[in-house]
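Have the sequence and the 3D view ready.

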Amino acid sequence: VSLHDLDAGRGFYGTLSPRGLLAQRFDLLRPSRLRALLRLDAGLRRLRGLFVDGRLHGATLEEALERIPQMTGLARRLFLCVLCLLSSMEADEVLAAPAAFFAGKLLAHPDVLSPRAFASIRCVPGGTRRYVQALARAFGGRIVLGARIRTIRRDESGVDLVFHDGARRRFERLVLACNADAALGLLEEPTERERELLGPWRYKEGRIVVHHDHAAFPPRPLQQAFTFLYTEREGRLVTAVNGCLRSLPGVRGSCDTIGSQHPNFPIRPDRVELETVLRTPIF
């Protein structure tokens, strides 16, 4: 992971290769950097302790961090940037989220914010496409796409799918594998329990740009699989998550394509390959 301050033009670069260490003039090995990493580790242990003791109930992550003196400066920025990556949320949204949510995740997956990540975290060959293909095989070619379902009606004997053209198909049971608000909108007569469980969820539409514009980035040897471009003013952190595609399995090392989520920097239109919106939950 690398963090690059857009205002100052410098940052923290987790490049352990000889070329990367030379490019950053061995800044990663400075005592102040090592102390920040030790503070991050101590802060994580403190956060887990608060969670296990049940002392995070009802607290936002920002309120929890106020109880953890180690989470300042670079340690805090590293912590928040990684959580932005894990959740597809922006830093303000992460800080406003329930502290217990993220603490529980980090307790279940301790390698995420640890040097062990270099050895334990791997990309699955084929990525998400592999998961989809494995699920689809079980249906033996009976998957229908673009069905345009209007509503779902239920009675004691089964479930009716009602399509936009008025046609119906009947089933014994139905599983909705979609966002909570979409599921609630499809149910013709949701129960009180369904409203209670599905109603509170909120979503955001996050901008995604796949591009070749490196103008705002640090030199290539300082870029990592994920490079965070950030600004921090008056204590407010604004960060963009940027994934370098050359880090993925099967991609050539010469590839200069970057996928940027919530970009906070200008991108030249002639360098854009794809621009879309990723709809994600706000926890």
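Helix α2 covers residues 31-52, and at 1.5 Å a residue its 22 residues should span 32 Å; the end C-alpha atoms are 32 Å apart, so the two agree. The expected span is 1.5 Å times one less than the number of residues. Helices here are DSSP runs of H or I with at least four residues, strands are runs of E with at least two, and both are numbered from the N terminus.

Keep in mind that this is a predicted model: local features need pLDDT of at least 70, side-chain atom pairs count only at pLDDT 80 or more, and totals for chains, interfaces and linings use all residues. Residues are numbered from 1 along each chain as its sequence is written, and side-chain values use heavy atoms, with hydrogens and water left out.

Several α2 residues are buried, among them Arg33, Ala36, Leu40 and Leu47. Buried means under 20% relative accessible area (1.4 Å probe, protein chains only). The cover over the buried residues of α2 includes β2 (10-13), α3 (61-65), α4 (73-87) and α6 (99-108).

After α2 comes Gly54, with a positive phi near 75 degrees.

## The sheet

Seven strands make an open sheet with mixed pairing, in the order β2-β1-β7-β8-β9-β6-β10. At the edges sit β2 and β10 (272-282), each pairing on one side only. Strands pair if DSSP finds at least two bridges between them.

Take β1 (residues 2-5) and β7 (residues 226-233): they pair in the parallel sense over 4 bridges. Ser2 has Thr227 in β7 as its bridge partner.

Technical notes
Buried means under 20% relative accessible area, exposed over 50%, partly exposed in between (1.4 Å probe, protein chains only). Contact means heavy atoms within 4.5 Å.
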